[in-house]
Amino acid sequence: MKKQCFNPYMPFWEYVPDGEPHVFGDRVYVFGSHDMFNGAVFCPEDYVCYSANVTDLTEWKYEGVIYKKDQDPAQDGRMVLYAPDVTQGPDGRFYLYYVLDKASFVSVAVCDTPAGKYEFYGYVHYKDGTKLGERQGNMPQFDPAVLTEGNKTYLYTGFCGHQMQDRLGAMATVLGADMLTIEEDYNVIVPGDCYGKNTSFENHEFFEAPSIRKVGDTYYFVYSSSAMHELCYATSKNPVKDFQYRGVIVSNCDVGISSYKPSDMPAAYGANNHGGFEKINGEYYIFYHRHTNGTWYSRQGCAEKIKIAEDGTIDQVEITSCGLNGGPLRAVGEYPACIACNIFNTQMPSKYVGGEKFARITQDGRDGDQETGYIVNIQNNTTIGFKYFDCKNIKKLTIVNRGYFDGEFEVRTKWDGEVLGRIKVVYSNFWEENSSQVSIPDGINAIYLTFKGYGAGQLKSIKL
């Protein structure tokens with residue numbers, strides 16, 4: 001049978017957030033920053049790349065390390081590589097744009113192939129040699145996104161954290177054919193502060209994470225709003241001005257989605273978000289990241305199919321377990337618990353990671369160990385959701401669990417729906433199977449497990 005694909009789409013032990021997908025030739029490449037399991041800070045690792053054939057998004061190839069953080073001459077041994085982006089220049093080569101975490105300027109590396117070994121190339125600068133970000137009055141540069149058209153490259157940057165005294169917003173700068181020299185100084189295209197302004201961006205001000213695409217004659221600027229968990233988008237017919245707010249594409253805690261729950265109810269423990277969309281084999285997908293291990297610093301790449309309507313709008317999409325699969329998962333066999341897209345507790349609703357009473361996805365071992373992640377700290381009223389399965393004649397559900405809890409998991413196809421089965425669990429130091437007869441309706445369904453009982457347990461997998 002055809003192999004399936006889940007969220008996260010990379011190996012379960014890999015942590016590549018801030019994903020920017022780009023199709024070059026017959027492959028899609030994802031460029032991002034690089035977290036680590038149980039990390040204490042953002043992005044401590046070198047840049048790596050994964051790619052897949054555009055006709056088969058179930059097979060992701062590890063391309064290896066494409067750029068090391070010590071290759072930049074400005075590196076002082078204490079800086080990390082933040083979110084990058086890649087574009088193909090007019091000379092056919094590939095240019096990697098990035099910012100070191102304590103630098104105010106944009107660095108550029110170059111390579112002859114999309115996922116080869118990049119070499120340092122230079123810094124984005126004015127014609128007098130002054131680096132963008134270092135001229136008096138410049139805002140510090142952050143999270144570069146790039147789009148090349150002919151001999152011009154449009155560079156989008158910006159950060160509007162609350163520590164910034166003057167939160168201008170997202171900036172668009174035009175570079176020349178050498179990919180470094182500024183031809184047109186930056187223009188603010190999305191405000192970082194809407195107070196006292198008449199603007200369509202109110203309540204969805206720019207925070208960070210620029211991403212840029214062109215669809216037809218329309219430029220789509222994707223960014224993380226001041227809410228952090230959501231990726232919004234704005235559109236314009238001009239790449240450097242006149243952008244208007246259009247909506248939210250995805251939230252990594254599903255706030256804003258009302259199709260299966262109240263709109264303001266978080267269905268996962270999210271936090272900051274960053275990603276972009278790409279057309280792959282005729283379909284559009286939004287790439288984003290989720291948070292694991294109860295921290296902000298172990299983020300994994302996910303993706304969902306989106307639709308661009310004839311009027312150019314994009315409806316907010318649900319986060320799912322099936323992501324790039326092209327449809328629901330087969331409702332037969334064993335599935336790892338770490339593909340759960342919904343994890344929440346109605347006793348302690350929160351849309352941000354952290355807290356001792358929150359369940360979380362974790363793993364054993366280190367990065368690169370061939371281990372499957374699992375869910376820990378499952379306490380009373382914790383709900384775990386998997387979406388979606390193509391269910392046919394499902395009569396039994398088995399879970400693999402361990403830990404110090406005593407009670408039962410209620411089985412539903414809606415988080416607040418009818419209980420279709422109950423799986424009893426007891427204290428155990430080892431992974432054990434527990435089952436229940438269930439009656440899952442035929443059709444495309446979610447599977448929700450809600451724990452009722454005492455203690456704190458762990459879930460490794462479910463079997464249908």
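Colleague: What makes Glu63 and Lys61 a salt bridge?

Modeller: First, the ground rules. This is a predicted model: local features need pLDDT of at least 70, side-chain atom pairs count only at pLDDT 80 or more, and totals for chains, interfaces and linings use all residues. Residues are numbered from 1 along each chain as its sequence is written, and side-chain values use heavy atoms, with hydrogens and water left out. Now the pair. A salt bridge needs a side-chain nitrogen of Lys or Arg within 4 Å of a carboxyl oxygen of Asp or Glu. The closest N and O atoms of Glu63 and Lys61 are 4.0 Å apart, so the pair counts.

Colleague: Why is Glu63 called partly exposed?

Modeller: Buried means under 20% relative accessible area, exposed means over 50%, and partly exposed lies in between (1.4 Å probe, protein chains only). Glu63 has 21%, so it is partly exposed. Lys61, at 46%, also counts as partly exposed.

Colleague: How do you know that Arg93 forms a salt bridge with Asp91?

Modeller: Their closest N and O atoms are 3.1 Å apart, so the pair meets the cut-off. Salt bridges that share partners also join Glu408, Glu410, Arg412, Arg422 and Lys424 into one network.

Colleague: Are Arg93 and Asp91 buried, exposed or partly exposed?

Modeller: Arg93 has 29% relative accessibility, so it counts as partly exposed. Asp91 has 43%, which puts it in the partly exposed class.

Colleague: How many salt bridges does the structure hold?

Modeller: The structure holds 22. One of them pairs Asp18 with Arg299, with the closest N and O atoms 3.7 Å apart. That pair links distant parts of the chain, 281 residues apart. Asp18 sits in the segment before strand S1 (20-24), and Arg299 is in strand S19 (residues 299-306). Strands (E, at least two residues) are DSSP runs, numbered from the N terminus. Both Asp18 and Arg299 are buried.

Colleague: How many disulfides are there?

Modeller: The count is 0. A disulfide is a pair of cysteine sulfur atoms within 2.5 Å. For Cys253, the nearest cysteine sulfur is that of Cys232, 12 Å away, so Cys253 is in no disulfide.

Colleague: Why is Cys253 called buried?

Modeller: Its relative accessibility is 0%, so Cys253 counts as buried.

Colleague: What makes the sulfur of Cys302 too far for a bond?

Modeller: The closest cysteine sulfur, in Cys341, is 9.2 Å away.

Terms used
Helices (H or I, at least four residues) and strands (E, at least two) are DSSP runs, numbered from the N terminus.
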